[in-house]
Each structure stands twice: as structure tokens, then as C-alpha cells.
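Here is a short note for a colleague opening this structure for the first time. Please keep the view beside the text while reading.

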Amino acid sequence: MNIDFPPPSNGIYNNANSSRQFANYLEHEDLERMQKGIYTEGFFNLTKNNLYKSQVINDIDGNIGQLLKTDAKFYAIHVNPSEKELQMMGSTEQEQAEAMKRYVREVFIPEYARNFNKGLSGEDIKFYGKIHFGRIRSDNRLNMHCHLIVSRKDQSNKIKISPLTNHRNTRKGVIKGGFNRTTLFENAEKGFDKLFGYNRQLTETFEYCNTMKNGKMETKLQMQEQELKMSDQSVDIE
């Protein structure tokens with residue numbers, strides 16, 4: 001599962017102003033699919049499906065109490081399952097879309113909320129999701145993924161929350177709480193495996209990929225040794 005937070009920019013991810021530009025972008029795939037007679041997925045949140053774009057924009061843009069003009073008003077998140085994961089989520093686009101909404105609602109958003117260490121739950125997060133089924137730069141057969149637009153403020157419009165902060169569960173000073181993206185990625189992965197009964201191989205784990213990309217040489221060697229040991233055990237079982 002590849003989860004990422006696109007950095008704010010002057011383009012579609014410009015989050016210092018209205019969410020309208022980003023919401024418009026999220027509907028770009030719908031017209032092509034409708035012209036081909038293929039069903040589309042509307043926006044969704046924690047409890048409802050097929051929500052209108054206007055509701056998304058009004059709700060996100062109206063939840064900015066006490067934010068400065070230059071402050072981020074929302075954040076974008078990409079949730080991208082691998083082809084193997086998608087196969088576990090269903091055999092049709094509709095099944096995969098329903099599974100994705102279930103995963104976002106039951107696993108990702110609750111983990112996202114918990115990660116701020118402010119006593120928040122999934123019900124406290126104001127967000128909307130939009131499922132896409134294709135990727136322009138991909139040769140994969142399965143490409144379903146989800147875009148999330150998440151408010152900078154919680155549902156009460158009182159608490160500021162940012163997944164891009166560098167604070168990690170701080171308890172003193174002006175800023176309390178924080179956000180640990182590594183912890184989120186690991187827990188969201190474990191939650192996916194439990195929800196769908198997915199038997200994840202070591203080389204598919206976030207820990208393995210992160211270690212091989214960013215770890216020290218000693219740690220990389222230890223991970224490779226673990227991979228070889230597990231591979232040998234698999235051969236012995238066969």
C-alpha cells in the first residue's frame with residue numbers, strides 16, 4: 001500500500017485558498033467514463049456515498065476558523081493499493097471501490113486521527129474521498145486508487161491538525177501532539193492485512209521498502225538476511 005501526502009504547490013495542490021481547484025481536478029476522470037457508458041463514483045465521507053462536489057467545496061472551505069490567509073486549509077492524500085492488494089479487494093471495479101471505501105472508513109481515517117495524539121477518532125476528521133480507476137503513466141492492469149481531501153481543522157472547527165508537521169507527540173510547549181507518518185504507514189498496512197486477510201510478504205512491507213531505501217547499510221543487510229531466511233523456510237515447506 002503506497003500512501004503519500006503531495007506537498008502544497010501553486011497548482012491543483014494549492015491548499016492556502018479554496019478547495020475548488022482540487023475538487024474540480026478530482027472529477028476529471030468522470031466525464032471520460034460517462035462518455036463510454038462506464039459508471040463513476042461520487043465523493044464519499046465517513047458515512048455517506050455519492051456526495052456532490054459543491055458540498056465538498058462548501059464544507060471544506062467553511063471549516064477554516066481562526067486560520068490565517070496563508071495557512072493551509074486542507075491536505076491531499078493518495079491511497080494507492082498494489083495490484084496484488086487490489087486482487088484481494090475484489091474482482092470487479094465496483095467491488096474494489098466498495099472495498100476501498102471500507103478500508104478508508106474503518107482503517108485509514110481512524111489511524112490518521114489516532115496518529116495526532118490528541119484523543120481524536122475517525123468521527124472527528126472532516127474529509128472527502130474520490131476514487132479513480134486509471135493512471136495515465138501506468139501499464140498495470142489494475143489501477144484503482146483513492147484521493148482524499150482532508151480539512152486542516154477537525155469536525156468541531158476548533159483543533160488544527162497537520163499530517164505534514166515535524167512534531168512527534170510533543171507534550172510541552174505551544175504545540176501539543178504531532179504526527180508520525182512512519183507509524184501511520186505501518187499501522188495502515190497492518191489494518192489492511194487484517195481487514196482483507198492479506199498474507200503480506202516481507203518484501204511488500206513498508207518496513208522492508210523503507211529500510212532498503214533509507215536505512216543504514218547494516219540495517220539493510222539484516223533485512224536481506226531476514227528475507228533469505230524466510231525464502232529458505234518457504235522452500236522447505238514446499
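Predicted model: local features only at pLDDT ≥ 70, side-chain atom pairs only at ≥ 80, totals over all residues.

1. Beyond its neighbours within four places in sequence, Ile77 is in contact with Ile3, Asp4, Phe5, Pro6, Phe108, Tyr112, Cys146, His147, Leu148 and Val150.

2. Now the cores. The largest nonpolar core has 39 residues. Ile77, Met100, Tyr103, Phe108, Tyr112 and Leu148 have the most contacts inside it. Two or more residues each come from strand E2 (74–80), helix H4 (83–89), helix H5 (93–114), strand E3 (127–132), strand E4 (145–151) and helix H6 (181–196). H5 gives the largest share, ten residues.

3. Look along E2. Seven of its seven residues are buried. Phe74, Ala76, His78 and Asn80 point one way, while Tyr75, Ile77 and Val79 point the other way. Side chains in a regular strand alternate between the two faces of the sheet.

4. What pairs with E2? Strand E1 (residues 2–4) runs antiparallel to E2 and is joined to it by three bridges. Asp4 has His78 as its bridge partner there. E4 also runs antiparallel to E2, with six bridges between them. Val79 stands opposite Cys146 in E4.

5. Turn to charge. The whole structure holds ten salt bridges. One of them pairs Lys130 with Asp30, with the closest N and O atoms 3.0 Å apart.

6. Lys126 sits in the loop between H5 and E3, and Asp59 in helix H3 (residues 53–61), 67 residues apart. Lys126 is buried, with a relative accessible area of 8%. Asp59 is partly exposed, at 25%.

7. Finish on H5. The side chains of Glu111 and Arg114 form a salt bridge there, 2.9 Å from N to O. These residues are three apart in helix H5, so about one helical turn separates them. Glu111 counts as buried at 16% relative accessibility, whereas Arg114 is partly exposed at 48%. Elsewhere, salt bridges with shared partners join Glu41, Glu98 and Lys101 into one network.

How values were computed: Residues numbered from 1 in each chain as written. Heavy atoms only, no water. Core = buried A, V, L, I, M, F, W, Y, C linked by side-chain atoms within 4.5 Å. Buried < 20%, exposed > 50% of the residue type's maximum accessible area, 1.4 Å probe, protein only. Helix = DSSP H or I, 4+ residues; strand = E, 2+ residues; numbered from the N terminus. Contact = heavy atoms within 4.5 Å. Pairing = 2+ DSSP bridges. Salt bridge = Lys/Arg side-chain N within 4 Å of Asp/Glu carboxyl O.
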